[in-house]
Amino acid sequence: MLRKSLIALTAAAALAGTAVFAGSYGNKKDIVDTAVEAGTFETLVAAVSAAELVDTLKSEGPFTVFAPTDAAFAALPEGTVETLLKPENKDQLIAVLTYHVVPGKVMSTDLSDDMAAKTVQGSDIMIDLDDGVKINEASVVTADIETSNGVIHVIDAVILPPQS
C-alpha cells in the first residue's frame, strides 16, 4: 500500500515538475544541472552520480538524453534500482544509463518514424511516431528541453539495453 501511494505521489509530482521543467526552454544550464533543477529526476541524477557519469554529462557534448522520471524508475520491479546502485553492479548501471543517451543534439523535428539511433551504450533504440513519440516502449512526455550541452527528452519508462 505504501509503495502504491509513493508511486502515485511520485507520478503526480513528476507531472507537476515536468510542467515547470517544460517552461525552461532556452535554459543554458548543462544536462545535469537542468535535471537537478527540475526536481523530478532525483533517481536518474543519483544513478548518474553512482555510475560516475556526472562529469561526462556536464562536458561539452552535445548529447541527447532520453530522461526517465522518478516515477519511471519507481515503476521498475521492486529492488531493481537499489540493485543497480550497488558498487558491484556499476558496469550494468552504466550500460542502462548510456542506453538513454545518443551522441549529438537530436531535436524532435529530427526524428522520423521507424528510425534507429545508436546510443552511447552501443545498441540502437527505435523511434516510433505512430502513436505519439515512443523510444522503444517509452513515451516521450516532454520533448526538446535545450541545455547548454544538448537536449533532454523526458520519457515515462526506463528503457533497457538488449541482453548480449
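**Ground rules.** I am working on a predicted model, where local features need pLDDT of at least 70, side-chain atom pairs count only at pLDDT 80 or more, and totals for chains, interfaces and linings use all residues. Residues are numbered from 1 along each chain as its sequence is written, and side-chain values use heavy atoms, with hydrogens and water left out.

**Overall layout.** I found seven helices and seven strands in the protein chain; these are DSSP runs (helices H or I, at least four residues; strands E, at least two), numbered from the N terminus. The order is α-α-α-α-β-α-α-α-β-β-β-β-β-β. Of the 164 residues, 44% are buried (under 20% relative accessible area, with exposed over 50% and partly exposed in between; 1.4 Å probe, protein chains only).

**Helix α2.** I started at the N-terminal end, which Asp30 caps: a side-chain oxygen sits 3.0 Å from the backbone nitrogen of Val32. Along α2 (residues 31–38), I noted Ile31, Val32, Thr34, Ala35 and Ala38 as buried. They line one face of the helix, because they fall within an arc of 165° seen down the axis (taken from the directions from the helix axis to the C-beta atoms). Just past α2, Gly39 has a positive phi of about 80°.

**α3 against α7.** Next I checked α3 (residues 42–50) and α7 (residues 90–98), whose axes come within 9 Å and cross at roughly 130°. Axes here are lines fitted to C-alpha atoms, for helices over the stretch in contact, with angles from 0 to 180 degrees between N-to-C directions. The pair is therefore oblique. On the α3 side I listed Leu44, Ala47, Val48 and Ala50, which meet Lys90, Leu93 and Leu97 of α7 (contact is heavy atoms within 4.5 Å).

**Asn149.** Which loop holds Asn149? I placed Asn149 between β6 (138–147) and β7 (150–155). Buried or exposed? Asn149 counts as buried because its relative accessibility is 3%. I then followed its side chain, which reaches the backbone oxygen of Leu57 at 2.8 Å and makes a polar contact of 3.2 Å with the side chain of Thr147. Leaving aside neighbours within four places in sequence, I have Asn149 in contact with Asp30, Ile31, Leu57, Lys58, Ser59, Glu60, Gly61, Pro62 and Phe63. Asp30 in that list is the residue I had logged as the cap of α2.

Notes
A polar contact is a pair of N or O atoms within 3.5 Å; within protein, one must be able to donate a hydrogen and the other to accept it, and residues adjacent in sequence count only if both atoms are side-chain atoms. Angles under 35 degrees count as roughly parallel, over 145 as roughly antiparallel, 65 to 115 as roughly perpendicular and the rest as oblique.
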